[in-house]
Amino acid sequence: PLLVLAPFSQNVALTMLGREWTQRLLVGLSLLHCTECFFVPGVLPTVGCGARGAGRQGVLALSAKRGPTIRPYFEDQGGKKISRKSKKALKEAAQEKAFKEAQEAAAVHLDAVKNGVHLIKNEIKPALEKDGFFVCDNFLGKIAGAQMLREARALQAGGLLQLGESTRWNEELNKAETYQKENVYTMQIQGGDQYQLAPRLTEYVVQLTASLSAAVNSQFPEPVLLQTHQTNKLAVCTGDGSHYAKHYDNQGGEDRRKLTALYYMNPNWKEEHGGCFRAFKRDSTESFTDIEPKFDRFFCFWSDELIHSVQPSFAEKVEEHRWALTVWLYAGDEVPIKRDEEAEKIHFPNLADPEALSG
């Protein structure tokens, strides 16, 4: 069957019914008469039969017998039709271009981390011996740091960060207990199937593990750090006094974390926002150094030696939240995890369980 709306010109049909209702009318007629409806932008919709007509006339073909089918119509910049074969080739070319660009972006970021470590490798050990920690500003550069911060905020917006947990000593119960840190949200960067969620953050963890362990090991007669083992934590303090109590990162047992490396991502940080890292001298509770969590600042220390805390954060806006990515590098099997009992007595005089010192 063939049905043609001969009395209607293009202008009359579109003026009386509008483009959308004209199309709906013709689709209804096609279903009623078991015909096919073809709609071509800028041309009076016609009702006819046959896929051949659809191929000639336009962008949409609906068949009452076969069900809805879509036949796209493409034009290049010259106004010429593009065949299905050409369309497939264009799609493949676009995918190949996107893949190549992703590889190049990854290579640039990996190099930024590798070069950052290379520039400081001879400074780390002397600083650790003198001050107990090492600080470096402008570690990766503004672009790399901004990319990592953007990914971190996206992970938070996606609900992937959860309230952080730690341990503390409960004097009433006389034992260590696990508690949730108020207004501190964390997650682990895992890579693998989750690489696309945060490619720059993942690449940072991978490259830092390899480069920093090698750099530190080069300063000692025997290797101290494993180049293949790490754990990490992406954390954000959202204000209202969120903080970390005084602790060691590692106080022995089966924990093999040896070096703590932090990277701060806070371009809008001001002194009134708080959130400074407080590094205590081993022999005094009143002697300490505050390290500001400035943007693109790298900071590292021995996980089993430095007693520290994070001061309360009072950021009021999302853009002021305190972001830090921590990577812990592991000690080799022959490297001891230290314990300073004298320092523990000074800083934790009422503590009965040494394991409660860990953060």
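The buried residues of helix α5 are Ala-144, Gly-145, Met-148, Leu-149, Glu-151, Ala-152 and Leu-155, where buried means under 20% relative accessible area, exposed over 50% and partly exposed in between (1.4 Å probe, protein chains only). Down the axis of α5 these buried residues fall within an arc of 160 degrees, so they line one face of the helix; the arc is that of the directions from the helix axis to the C-beta atoms. This is a predicted model, in which local features need pLDDT of at least 70, side-chain atom pairs count only at pLDDT 80 or more, and totals for chains, interfaces and linings use all residues. Residues are numbered from 1 along each chain as its sequence is written, and side-chain values use heavy atoms, with hydrogens and water left out.

**Around helix α5**
- Helices are DSSP runs (H or I, at least four residues), numbered from the N terminus.
- Turned away from the buried side of α5 is a face with the exposed residues Lys-142, Ile-143, Arg-150 and Ala-157.
- After α5 comes Gly-159, with a positive phi near 75 degrees.

**Where α5 meets α6**
- Gln-147, Met-148, Glu-151, Ala-152 and Leu-155 of α5 meet Pro-199, Arg-200, Leu-201 and Tyr-204 of α6; contact means heavy atoms within 4.5 Å.

**A look at Thr-209**
- Thr-209 sits in helix α6, residues 199-217.
- Thr-209 counts as buried because its relative accessibility is 4%.
- Not counting residues up to four places away in sequence, Thr-209 touches Gln-227, His-229, Gln-230, Val-327 and Leu-329.

Key. Helix = DSSP H or I, 4+ residues; strand = E, 2+ residues; numbered from the N terminus.
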